[in-house]
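Hi,

Here's the structure I promised to pass on. Have a look at it first, then read my notes below.

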Amino acid sequence: MNVLMFGWEFPPISSGGLGTACYGLTKGLSKSDVKITFVLPYAGDMKSDFLKLVSANVKVEKIKSPLMPYMTQTEYEKIRGSQPHSIYGSTLFEEVERYTKAAAGIAKKEKFDIIHCHDWMTYGAGIEAKKMSKKPMVVHVHATEFDRTGNHSANPYIYNAEKRGMWFADSVIAVSNFTKDKVVYHYGVNPDKVHVVHNSIDFNEASDNKAPEIRQHKKIVLFLGRITLQKGPDYFLSAAKKALAIDPNILFIIAGSGDMERYVIEKAAELSISDKVLFAGFLKGDDVEKAYKMADLYIMPSVSEPFGLTALEAIKCNTPVIISKQSGVSEVVQHCLKVDFWDVDELANKILAVLRYRQLKNSLQEDASSEIKKFSWDDPAKKCIEIYNNLVGG
Amino acid sequence: MVSLCFYFQVHQPFRMRRYSVFDIGSSHNYFDNKKNEEILKKVSSKCYLPANRIILDLISKTGGKFKVSYSITGVALEQFRLYCPEVIDSFKSLSKTGCVEFLDETYYHSLAFLYSKKEFKKQVLMHRKKIMDLFRFKPKVFRNTELIYNNELASLIHEMGYNGILAEGANHILGWRSPNFVYRPKSARIGLLLRNYMLSDDISFRFGDPNWKGYPLAAPKFASWVNKVNGNGNIINLFMDYETFGEHQWADKGIFDFLRHLPKEVLRHKDNDFVTPSQALKKYNPVAELDIPNTISWADMERDLSAWCGNKIQKEAIKHLYLLENKVLASKDRQLIEDWRKLQTSDNFYYMCTKWFNDGDVHKYFNPYDSPYDAFISLMNILNDFTIRLAIRPKKQKV
């Protein structure tokens, strides 16, 4: 089976769930009898081919483009602005269209049985490839515009691109039931063609690091993710305020960057907890793992989280997690605490409970670790192959 | 000769409300009265009242040949008085027939036997008094919470004046033996009645299961299974939650019809009869002594204590609860003592069981919390509030 996959660069170059999921899935697929031509945008500063490291079954086709997952128009302009005479499109959407054309060129010379694209920026490329080749197409929904905008003011251009991709697709893969519901409800896709394939994680014993110095003085509660409406950083702050009223000896750390960064810094000042809320900025590579290990507790208060791989990464680092019920990961992990994202009283209650009740923390650490030991990217890969076979065979 | 011995467990806990860290020190109301009232009324109308009516009718129709026994917890009785007093009246009517036996247990349906013998005895005596007051009946047979049992309990119960005790007919204690005889506990000269879990669970668990090979189960079929025991056993102990009738098994699946027809079908065979536990002990002598040093129960596949104190959070919560014993009792504060005891109800620890993440969903069905961790957090927050109440209580206050 030959798969033409339109995906995204892997960590550590790209950070975030989409790149991690592409990497895990490709690795899982390449263990089976699947050959993948992996098409991805790259900005030119990529030193090594991560995909080459994955397997000989994977061939990489790069398209020079500064596109990054979940990029906004403003972010795109910032990056493009430094290269005034570039070949790149003048707006994000123009650039996506340019990318689509370039991808179609690659599709023309490749041989494949099936097309698999990851999130809206690649759907156009997939559709072109399908039109040319008449091969079946799978779109993999890692997030929808409704998640990214916290369920309001969806960008109509992006919404249309998503909808068109889902409608053109022969099968749609959703990363959770939570996401499948959105695909069916907001995009009117026939539920029979939407398959849920939960993300996963390859468990390996995390190296046994000593707890950092700071832990001896303060209890640390971590937020790690894009500082955007979708991720609920404001709920994190409100809960911090409430928890600090009872236990002032907690340090809340916000790691990440995003369009709400300034707002969140100002909000912390307004709540007069700036001395208890630290901003770690955007973390890369090993620093991410260090942050999880440093924390007594990881919080993912997302307003709408299609999956939420960071929760699994925190668990892998032996850190207890509190996740919002509005997340896909809450469908697959039991040994964690779950709250409605808006219920900041309950979030604060649970933060304090984990920090106060030692056995609760121990149980969450041990039981969640043993729970995710069973996880592996081989499972979602197997489910994808089943979906491929159904489409190619039929 | 085969005797059928029915014992029904009637229990409703005072469910805790979600007690947040922000309630500590400001609210001492730990229980979800609204939900408790709602559930009690629902179960009363779906189960207790109709089942009691049918059983009363069956006793009269069979001229007293149909007999049953009940163990009703003190906390259930309290809630009947608060929310649905007609249930108590209907049990009183049953009591007057003379065909109904009441058993004793801990008033609070607690695990006190495992953690404080002193507290255990007090709760048993409270229950004995409650049954005496309401039904003018002095129980002579004992059943412990969730049929938790071992040799030590049997001796203790003997000392307290009972002449019989109930336990699970678990495979691992019976081995080749049959549960269909009366036994004697090691080191206690009382009778031991063992639950026939196959036939009991046929009614309480499998009755409505269309995938079960015995489905659909009607009274004649069940009576034929009872008749098969004739000749190789003399008593079948059918022990189950009373909520089987109408709550766990639904009326529209025919559970009440089954009950209505069962006595007639069983009595069709002239060698069969119905007995209460005390009558069973009079009628049959123990066939052997059973040595049960390790604790058993009627719960889950394991038939052990893992549903209540199997994981770390359960052990932690129980430990902290019983650590308060001396201080709470020394306070002589009635409200404090009562709250502390209500928290001991075993259900509170059952909700913290994490086993069901892996096997089966029985626990989940009975769990008012989204997650076992939520139950733990509420109880630990309550215990924090307790500590504050104990500390600020006026010192000179006497009984």
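One term before we start: the domain bounds I use come from an automatic or database domain assignment. Also keep in mind that this is a predicted model.

Let's begin with chain A. It splits into domain 1, covering 2-200 + 376-393, and domain 2, covering 213-372. Going by C-alpha atoms, the centres of these two domains of chain A are 29 Å apart. Where they touch, domain 1 of chain A puts in 21 residues and domain 2 of chain A puts in 15 residues. On the domain 1 side, the elements giving two or more residues are helix 1 (17-30), helix 6 (145-148) and helix 8 (177-187) of chain A. That side has six nonpolar, 13 polar and two charged residues.

Next, a helix pair. Two packed helices are described by the angle between their axes and the distance between the axes. For helix 5 (residues 123-133) and helix 7 (residues 156-168) of chain A, that's about 35 degrees and 9 Å, and their crossing is left-handed. Among the residues making the contact are Tyr123(A) and Ile127(A) from helix 5, and Ala161(A) and Phe168(A) from helix 7. By class, this contact has four nonpolar, three polar and three charged residues.

Finally, over to chain B. Is Leu199(B) buried or exposed? Leu199(B) counts as buried, because it has 20 C-beta neighbours inside 10 Å, and the cut-off for buried is 20 or more. You'll find Leu199(B) in helix 8 (residues 197-204) of chain B. Leaving out neighbours within four places in sequence, Leu199(B) contacts Trp225(B), Ile236(B) and Leu238(B). The C-alpha atoms of Leu199(B) and Asn237(B) are 8.5 Å apart, though 38 residues separate them along the chain.

Cheers

Notes:
Residues are numbered from 1 along each chain as its sequence is written. Chains are lettered from A and ligands numbered from 1 in the order in which they are written. This is a predicted model: local features need pLDDT of at least 70, side-chain atom pairs count only at pLDDT 80 or more; totals for chains, interfaces and linings use all residues. Two residues are in contact if their C-beta atoms, placed from the backbone, lie within 7 Å. Helices (H or I, at least four residues) and strands (E, at least two) are DSSP runs, numbered from the N terminus. Ala, Val, Leu, Ile, Met, Phe, Trp, Tyr, Cys and Pro count as nonpolar, Asp, Glu, Lys and Arg as charged, and the others, Gly among them, as polar. A residue is buried if 20 or more other C-beta atoms lie within 10 Å of its own, exposed if 12 or fewer, and partly exposed in between; C-beta atoms are placed from the backbone. Axes are lines fitted to C-alpha atoms, for helices over the stretch in contact, and angles run from 0 to 180 degrees between N-to-C directions. A crossing is left-handed if the near helix is turned anticlockwise from the far one by less than a right angle, and right-handed if clockwise.
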